[in-house]
Amino acid sequence: MSKGNIRLLSDTLAKARVEDRAALVAYLPAGFPTVDGGIEAVKAVIAGGADVVEVGLPHSDPVLDGAVIQTADDIALRGGVRIADVLRTVREAHEATGAPVLVMTYWNPIDRYGPERFAAELAEAGGAGCILPDLPVQESAPWREHADKHGLATVFVVAPSSKDARLATITAAGSGFVYAASLMGVTGTRESVGNEAQELVRRTRATTELPVCVGLGVSNAVQAKEVAGFADGVIVGSAFVKLLLDAPDLPAGLAAVRALAGELAEGVRRS
């Protein structure tokens with residue numbers, strides 16, 4: 001039975017901590033702008049300095065995601081992206097870079113594909129785990145069993161609205177790291193990431209030893225530095241996707257995401 005890369009994920013996050021910096025976690029959807037282009041984009045953000053990558057499984061109704069990622073998902077879906085393409089993206093990106101690669105997905109596509117089959121195939125592709133923003137923790141035990149069996153992390157999302165008791169339930173069930181959504185609402189770039197996120201990280205840390213990574217709204221090195229001051233990881237998605245959307249062609253887009261990853265990688269260094 002193939003084993004996934006949860007250990008690689010944990011080691012990568014621990015290494016960042018030893019280096020006194022936050023880990024840089026990049027998000028990119030599979031199949032965007034094309035399947036091959038998406039694979040190149042993942043390689044480019046890692047080459048630029050991302051430690052971990054989340055590959056998005058495009059969804060027709062991405063409730064957590066703002067307009068930028070919705071647009072990219074739409075392009076990927078119109079291009080005919082399948083779960084096989086998502087797994088291929090994970091495999092090729094991980095093989096080329098050695099970096100931990102997770103899949104971020106809503107539950108419905110996995111449920112339809114077959115959770116056990118998905119876990120087995122993600123592990124076989126070298127995946128490190130899954131981020132499941134809409135899977136209720138109290139319904140997650142069957143999935144977590146498959147994930148554990150295959151050496152995959154199950155990352156849950158916590159939000160500022162989560163009460164302390166609820167945070168404890170969520171973090172006890174999760175593995176790999178905890179995804180702290182820095183504000184209520186959808187993904188997208190923001191002017192400020194701020195105090196709500198810092199307070200959420202403090203409350204989350206009180207319940208778990210897992211690293212806490214903050215996403216939703218970070219788009220530049222200044223914000224990355226701010227978040228790195230209180231979180232174990234800084235998650236950036238929409239800013240990368242927007243560069244690819246705005247680029248005149250793929251080579252220009254790849255150069256832009258690589259450059260942004262470099263700037264953000266400098267930003268997450270605390271010194």
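**Exercise 1.** Determine how exposed arginine 88 is, and which residue forms a salt bridge with it.

*Solution.* Step 1. Arginine 88 has 29% relative accessibility and therefore counts as partly exposed; buried means under 20% relative accessible area, exposed over 50%, and partly exposed in between, with a 1.4 Å probe and protein chains only. The model is predicted: local features need pLDDT of at least 70, side-chain atom pairs count only at pLDDT 80 or more, and totals for chains, interfaces and linings use all residues. Residues are numbered from 1 along each chain as its sequence is written, and side-chain values use heavy atoms, with hydrogens and water left out.

Step 1. The partner is aspartate 36, and the closest N and O atoms are 2.5 Å apart. A salt bridge is a side-chain nitrogen of Lys or Arg within 4 Å of a carboxyl oxygen of Asp or Glu.

Step 2. Aspartate 36 belongs to helix H2 (residues 35–48) and arginine 88 to helix H4 (residues 83–97), so the pair, 52 residues apart, links distant parts of the chain. Helices (H or I, at least four residues) and strands (E, at least two) are DSSP runs, numbered from the N terminus.

Step 3. Aspartate 36 is also partly exposed, at 46% relative accessibility.

**Exercise 2.** Is serine 140 buried or exposed, and what does its side chain meet?

*Solution.* Step 1. Serine 140 lies in the loop between strand S4 (129–131) and helix H7 (141–149). With 0% relative accessibility, serine 140 counts as buried.

Step 1. Its side chain makes a polar contact of 2.8 Å with that of arginine 144. A polar contact is a pair of N or O atoms within 3.5 Å; within protein, one must be able to donate a hydrogen and the other to accept it, and residues adjacent in sequence count only if both atoms are side-chain atoms.

Step 2. Leaving aside neighbours within four places in sequence, serine 140 is in contact (heavy atoms within 4.5 Å) with Leu135 and Phe156.

**Exercise 3.** Locate alanine 173 and list its contacts beyond neighbours within four places in sequence.

*Solution.* Step 1. Alanine 173 is part of helix H8 (residues 164–173) and is buried, its relative accessible area being 13%.

Step 1. With those neighbours set aside, alanine 173 is in contact with Val137, Arg144 and Phe156.

Step 2. The C-alpha atoms of alanine 173 and arginine 144 are separated by 8.2 Å, although these residues are 29 apart along the chain.
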